[in-house]
Amino acid sequence: MQKKVQDIRENALEACKGANTVQKLNEARVKFLGKKGELTLVLRSMGQLSPEERPLFGKLVNEVRDELESSWEGREQELAAAEEEKRLLAESIDITLPGRQINRGTIHPITKIIDETKKIFMEMGYEIVEGPEVELDYYNFEALNIPPDHPARDMQDTFFITKDLLLRSQTSPVQIHTMEKKQPPIRILAPGKVYRADSDVTHSPMFHQIEGLVVDKGITFAHLKGTLQLFAEHMFGPQTKIRLRPSYFPFTEPSAEVDVSCIICSGEGCRVCQNTGWLEILGSGMVDPRVLEKVGYDPSEVTGFAFGVGVERIAMLKYGINDIRLLFDNDVRFLDQFTS
Amino acid sequence: MLVSYKWLQEYIEIPWDPEELADRLTMAGLEVEGLQPLAGDLSRFYVGYVESCEKHPRADKLQICIVDVGEQGKFKIVCGAPNVAAGQKVPVALEGAKLPNGMEIVHTEIRGEPSKGMICSQQELGISDDHEGIWVLPEDLIPGSPLAESIGLDDVILDVSVYANRPDCMRVLGIAREVAALTGGHVQMPAIDYVEKEQAITERTSITVENEELCPRYTASLLDGITLQPSPLWMQLRLRAAGMRPINNVVDITNYVMLETGQPLHAFDFDQLKENRIVVRTAREGEKMVSLDGVTRELTPAMLMICDAHDPKCIGGVMGGLDSEVTERTNTILLETANFAALNIRRTSRALGLSSESSARFEKGIDASGTMFANKRAIHLLQKFASAQAYAGHIDINSVHRELTTIKFDLNEVERILGITIPKKEIKSILESLEFTVDKWESELWDITVPSHRPDVEIQADVIEEIVRIWGLDKVPVSLPHDSSSDGGQSTRLIVSDQLRQILVGTGIQEALSYSFGREDNNDRLLRFNKPMIKIQNPISEDLIALRHSLLPGLLSAISLNSSRQQYRVALFEIGATYIGEAESDKQPKEEMQLGITLWGRRNPINWGYAEENYDFYDIKGILETLLPKSPELTWTGGKNPSFHPGRQGSIMFNGEEIAVYGEIHPAVQRNFRVPGRVYAAEIYFERILELFFATPYFAELPRFPAVERDLAVVIDKDQPVGDLMNYLQSLSGEILQEVLVFDVYEGKPIPEDKKSVAFSFRFQADRTLKDDEVNKIMDQCLQGLQSKYGADIR
């Protein structure tokens, strides 16, 4: 009897090992472990044994059954895994096909420069303000120390709507609006559109400026230099140097043009900076006392500095754009290049 | 202004080479925009002496010259110029020399005769257009000496950009003074001495100034015995360096003195002046004059004329008249150095469309005290180079009685404005080098007298600018303003603009920027008739003349451009101002910031994984639904905007005011803007609902019990808006019905032709487990309502 059990065990293990599909494995299971399977039948014939032998025999059969059950389970897992593997391989796809890309929107390069500048100055406590684009002569010129018939207000440069109404040719009128409404301390940044009758590769009849104005007790030219140095470093990188050249603006005194060390060649000299190592990016100066007086401030009490940045100029330098008109064509192949 | 380095050196010792000088001037506020050598590389060019000159045996027009080039040797050179002759000093290019046009000189043979070099014309040297023959040089030059140094061609031209407030630098002497301030040196003034005749000018002529306001000063001298001939070589070269063409000695000297002193001069042929006298007056109605350029000028009474006893002979300060021009027949000249009112010159010049070197200077304002010096300087030169004899004295009609400006200067201001102290002595020395006079300099409150050539200096701040630009802006330290109480931040409309931009970029739309002005008929092209726009008086083009009412024209034009450039998808938005106001009034228009969106072409990138579908109405509507605040105060209704398709547009209202219009652009509008296909667009007047963007979110408890979902499909009339059904169903939502969505709309078989099938999805949710009964009860209510109100049949 015991020999028979051992034979069944060996045959069963061999059958389990030999089954190469889940189906064959199940068939073998029925043959050995099923209700009418060989092991079951052997157990039923236990009646022929003496009462003393029965418990031992029962134990043996149960041990063999447990062993076989676990072999079957192991084999079944093996076969299932192999079959899944096979099925998955059959599901292979062409991963070299392009993915389902989504449309990506872009921020206009001009807005990017304005946003960057706003961020730099908002961190320094500047308030971002706006002013009208259709401006009164008074704000665009007269209050800025540009009296009638001053060469700076030439008809050729400014777009006029009526005798007293014009498209602002600079963001500087926002200085006046702000100072008329508020008392110092003042710390504002005014980005916006400005207009001049000029059109070529570097001039557009509409362009953008960012005006800065700080008025308070004790504001000095040194503060202007420090502020612009900080701006240049944030905008063009920490290695950027600035250079101030005396200049002339009717509403600042002293006035200075500000150059940054060339962002292309780092000051070595190249085509972009015309071998000077410097790029002119903005105009600045100490607010002319006559301007402060016009808005009712006492220039012996407060001083101020102002600056005006040409946004297109910076965008063209920073992004290497060689024709200003590209900025207003809205060619999507151009816009697509400003994704980050 | 173009200035010769050598010319400057005549008045001031310059310790710097041209590059460094340019740099120093730039850093002192006289921006040097460029440096240019007067001539190209002239190594291997020498002064030669033509020893002999014989006819070429095999060519009629060629000469064989033996040229002595000093240490370089003697050379046989074949020359074709008709004016070459033995005994001349000439410029010679030897082997290896390179002409400015790129040609290199080599030993060659011309018609069988060897030729070892070239005798050059001015044109070949690149200094003039004169190619009438070889350039015969002054006799005193030494053969074999390098050409450039011998005749002053080794010069560098500085292109100085002079700011509008510094007309005193529109002259070589003015720049020399700036250099002196930088070096601490002194300007050596040019010679003005000459010998006078015994007869006084007043015996020959008279000057009457009728309008002293427009002509504050008129200084004249009279010279005779003029010999008209070319001016000396050095003068010609300097005029060329300054961009002027040499003409003859008289004209050249007036131009030379103008460049030198900044004072324009005019020479009249005295014999052409009727009654031999000058009357300065405004033009009479209808008067005409032929100017030097041969154009007949129609004059107006606003223009100041220099006349003889009868007729205008010169447009004062702008341009002379043709019939009193100095010619070879001229014997006597009346030399004018006058001062004219800047503004009137500007207006006259503009009215006539005529500008000159003279008017350019007068427009900016000229120091009236300089007329006499310039006049004498010109006489000095005319005597020297045109053998002119001056009548004794000048006639000088001078109504200028301006006292020099004195400024009270508080020394403490320097530190208050600049943030640094500058030594007192240094300040004084800078000011004095610029010809300011400093009084009471022991105290802290100085009296500073401004020289007459610096009317731009009026107040303390101007003086500080003078000090710091010479002292050096680079020496001002760098610091930051102390913290102030002003707070950062920006206006609500800027915050909302930024927010809208971010969302739109996230939905795959690109930001565009177009001009604020466009065609005058842009509103008509949008089918928004009778809405005149504000117009620019002086546009640069008819396409950029009228201030926009809408962002759509710019965006539609962009689509048109992109479609013509083979793009298949254009999704753009723009945020910018529109300008609504009376076209003719002096009142500022209302500038409202708006958002425009246009979608055109394919919805998705070209990709095997996407269906080839174009944008449609529900794309633009969906974007607005995503973009705009979910506020019950916004009412979404049908629209009536003429720019949009009458059957495919919507409008959004807030407090009875339209805040957005959207839909498909009307095909006629698309034709007007040359846009093919269909465009879906929106105009959003977001400034009218700014407050809605700032609603603070309020958290609702998340459901803890499972939701029950049900679907319901009904068949309704085809033209029944589904929105009505949605509104009705949403009105039933409440305690347990949370959400009703449309998940399918179907037309076609087996649905009858005049019907459509609409499928809704319902979501029930409560803070407990829902029973089938209560859900069924509401579903029944929904169905019955749809049946009775909208004739819906269950599908």
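Predicted model: local features only at pLDDT ≥ 70, side-chain atom pairs only at ≥ 80, totals over all residues.

Trainee: Which element gives the most to the side of chain B that touches chain A?

Mentor: Start with the totals: 77 residues of chain B are in contact with 73 residues of chain A. Elements giving two or more residues to that side of chain B include H2(B), H13(B) and S31(B); helices (H or I, at least four residues) and strands (E, at least two) are DSSP runs, numbered from the N terminus. The one that gives the most, with 6 residues, is H12(B).

Trainee: Is Cys169(B) buried or exposed?

Mentor: Cys169(B) is found in the loop between strand S10 and helix H4 of chain B. Beyond its neighbours within four places in sequence, its contacts are Leu30(B), Val162(B), Gly174(B), Ile175(B) and Glu178(B). A residue is buried if 20 or more other C-beta atoms, placed from the backbone, lie within 10 Å of its own, exposed if 12 or fewer, and partly exposed in between. Cys169(B) has 24 such atoms within 10 Å, so it is buried.

Trainee: Which helices do the buried residues of H4(A) pack against?

Mentor: H4(A) covers residues 53-90. Its buried residues include Phe57(A), Leu68(A) and Trp72(A). They pack against H1, H2 and H3 of chain A.

Trainee: How do H7(B) and H8(B) sit relative to each other: parallel, antiparallel, perpendicular or oblique?

Mentor: They pack at an angle of about 135 degrees, with their axes 7 Å apart; axes are lines fitted to C-alpha atoms, for helices over the stretch in contact, and angles run from 0 to 180 degrees between N-to-C directions. Angles under 35 degrees count as roughly parallel, over 145 as roughly antiparallel, 65 to 115 as roughly perpendicular and the rest as oblique. So H7(B) is, relative to H8(B), oblique.

Trainee: Which residues of H8(B) does H7(B) meet?

Mentor: From H7(B) come Ala342(B), Ile345(B), Arg346(B) and Ser349(B). In H8(B) they meet Ser359(B), Phe362(B), Glu363(B) and Lys364(B).

Conventions. Residues numbered from 1 in each chain as written. Chains lettered and ligands numbered in written order. Contact = placed C-beta atoms within 7 Å. Expected span 1.5 Å × (residues − 1).
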